[in-house]
Amino acid sequence: MQDPALEHPVRELTYIGLALLAAVPGVWVAFSGTEPPPVVAALVFGLAIVGAAFLLSWAAEVVQMDIAAGLALALLALIALLPEYAVDFVFTWKAGEDPSYAPYALANMTGANQLLIGFGWPLVVLLGTWRVRKLTRGQTGPTEIGGATSTEIHLARGQSIDIAFLTLASIYGLSLPLRSSLTLVDAAVLVTLYVLYLIRLSKAPTSEPHLIGPAAYLGSFPKRRRRTVNIVMFVVAAAVILACAEPFAESLLHVGEELGIDEFLLVKWLAPLASEAPELLVAGLFAWRMQARIGLGALVSSKVNQWTLLVGSLPIVFAISSASLHGLPLDVQQRDELFVTAAQSIFAVAVLASRSISRNEAWVLLGLFAVQLASSGILPEHYAAPGRLGVGIAFLVGALWVLRNTFGSLKTVMRDGLRVPVAELYE
């Protein structure tokens with residue numbers, strides 16, 4: 001069946017044009033020296049980053065046509081997260097010169113991680129299972145389409161690699177809230193995990209990717225033209241992000257000051273929304289088009305990326321900026337946020353131990369995420385802190401409960417992900 005993108009190229013070109021158009025006001029403000037009100041500045045710079053993120057997302061999908069399947073997903077996750085890295089690095093670099101910026105680097109990182117699992121994973125699961133249920137209504141017996149049934153989504157055996165490395169990173173992540181800083185030792189451990197993850201994935205065979213929307217249209221180009229267009233899109237998107245990341249970060253803080261909103265919360269939730277929106281939309285489109293396994297797999301790979309390379313990069317950026325070997329400092333609120341993020345990750349690993357996630361488990365993830373949002377945005381800090389700890393404990397208790405039945409499966413996944421020859425996993 002021909003992809004609709006190939007039947008309606010004008011529509012796909014319109015989407016690409018809109019993404020470019022969204023970036024224009026932010027780039028113009030960044031280079032013109034204009035100083036709009038903080039709310040307007042946050043809006044135009046945020047839209048520019050969203051537009052650039054869409055361009056990166058489409059280009060990264062097309063890159064899958066030229067490299068190994070598992071490595072392609074990891075690269076897709078890495079490229080899609082470049083806006084996230086840019087904003088985080090801005091705050092971390094500034095923290096090396098002014099320690100008051102340190103909380104915002106962790107706010108952006110923990111917010112992105114919590115958004116990805118708490119909202120992104122349930123989005124794909126609920127949408128994918130609903131689509132299968134609607135399509136197979138009236139049929140007898142379970143039906144699986146694109147990795148999804150009417151009740152759950154199944155990951156392929158090759159995706160055990162993602163789950164195994166996420167497990168290792170999550171276990172290590174539980175130690176981070178016990179520290180007073182993120183150090184270069186943490187950086188060495190987490191970045192090494194990511195490098196080993198990429199090496200493992202690089203051994204996977206190349207396969208035909210499932211492209212949708214503008215990516216499918218770009219993928220239909222002849223090889224040389226396709227690669228040229230892709231490089232141009234990467235360069236343009238990267239330039240937009242470099243131009244707008246710092247003013248976007250600063251404008252969020254000014255909005256908080258002007259409107260009397262906690263700057264930490266603005267950075268935690270609004271900045272990740274701008275950088276994560278395209279990735280979540282693409283994953284949702286995969287689920288809508290009956291390819292939920294691919295959509296969920298991309299988000300799992302993205303979580304591995306965030307919880308290893310992103311977290312591990314922050315102490316390195318801080319050390320370079322501060323010209324010292326001191327770690328990125330953590331206050332009480334940051335340690336609480338790290339605890340919730342690590343506990344959520346542990347629960348996610350427990351759920352994925354069977355290489356599947358059900359509708360009920362997705363609702364639990366979404367419900368606890370709603371509690372996180374409520375405790376962050378509504379409760380005063382002296383109530384929000386116990387709320388964060390309560391959510392983190394709930395995640396850990398839930399993980400123990402799930403592992404009662406899935407611990408054997410987790411051992412199998414760890415063996416597959418770390419020891420079994422990769423070619424065997426993809427047979």
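A residue counts as buried when its relative accessible area is under 20%. Keep that cut-off in mind while looking at this structure, which is a predicted model.

**Helix α6**

Let's start with α6, the helix that runs over residues 102-135. Of its 34 residues, 26 are buried, so the helix is largely enclosed by the rest of the structure. From the first C-alpha of α6 to the last, the distance is 49 Å, close to the 50 Å expected at 1.5 Å a residue. Even so, α6 has a bend of about 30 degrees, and you'll find it at leucine 116.

Now pick out glutamine 114, which sits in α6. Is glutamine 114 buried or exposed? Its relative accessible area is 0%, under the 20% cut-off, so glutamine 114 is buried. Its side chain makes a polar contact of 3.2 Å with the side chain of glutamate 337. If you skip residues up to four places away in sequence, glutamine 114 touches several others, including Lys268, Trp269, Val340 and Phe369.

**The nonpolar core**

The largest nonpolar core is made of 126 residues. Which residues have the most contacts inside it? They are Phe91, Trp121, Leu328 and Ile357. Let's follow one of them, tryptophan 121. Leaving out residues up to four places away in sequence, tryptophan 121 touches a list of residues, among them Leu116, Leu166, Leu296, Val300 and Leu365. Ile357 is also one of the residues that tryptophan 121 touches. And Leu116, another of its contacts, is the residue where α6 bends.

**Salt bridges**

How many salt bridges does a search of the whole structure find? There are nine. Here are some of them, with the N to O distance for each.

| Glutamate 246 | Lysine 94 | 3.0 Å |

Take lysine 94 and glutamate 246, whose side chains meet in a salt bridge. Lysine 94 belongs to helix α5 (residues 82-97) and glutamate 246 to helix α10 (residues 223-259), so this pair ties together parts that are 152 residues apart in sequence. Lysine 94 has a relative accessible area of 17%, so it is buried. Glutamate 246 has 40% relative accessibility, so it counts as partly exposed.

Glutamate 424 is in helix α16 (residues 422-425), while arginine 157 is in the loop between β1 (152-154) and α7 (160-173), so the pair ties together parts that are 267 residues apart in sequence. Both partners count as partly exposed: glutamate 424 at 34% relative accessibility, and arginine 157 with a relative accessible area of 28%.

Elsewhere, salt bridges that share partners link Arg157, Arg415, Asp416 and Glu424 into one network.

**One more look at α10**

Helix α10 also holds valine 232. With a relative accessible area of 45%, valine 232 is partly exposed. Where is valine 232 relative to alanine 399? In sequence the two are 167 residues apart, and in space their C-alpha atoms are 44 Å apart.

Technical notes:
Residues are numbered from 1 along each chain as its sequence is written. This is a predicted model: local features need pLDDT of at least 70, side-chain atom pairs count only at pLDDT 80 or more; totals for chains, interfaces and linings use all residues. Side-chain values use heavy atoms; hydrogens and water are left out. Helices (H or I, at least four residues) and strands (E, at least two) are DSSP runs, numbered from the N terminus. Buried means under 20% relative accessible area, exposed over 50%, partly exposed in between (1.4 Å probe, protein chains only). A polar contact is a pair of N or O atoms within 3.5 Å; within protein, one must be able to donate a hydrogen and the other to accept it, and residues adjacent in sequence count only if both atoms are side-chain atoms. Contact means heavy atoms within 4.5 Å. A nonpolar core is a set of buried Ala, Val, Leu, Ile, Met, Phe, Trp, Tyr and Cys residues joined through side-chain atoms within 4.5 Å. The expected span of a helix is 1.5 Å times one less than its number of residues. The bend at a residue is the angle between axes fitted to the seven residues ending there and the seven starting there. A salt bridge is a side-chain nitrogen of Lys or Arg within 4 Å of a carboxyl oxygen of Asp or Glu.
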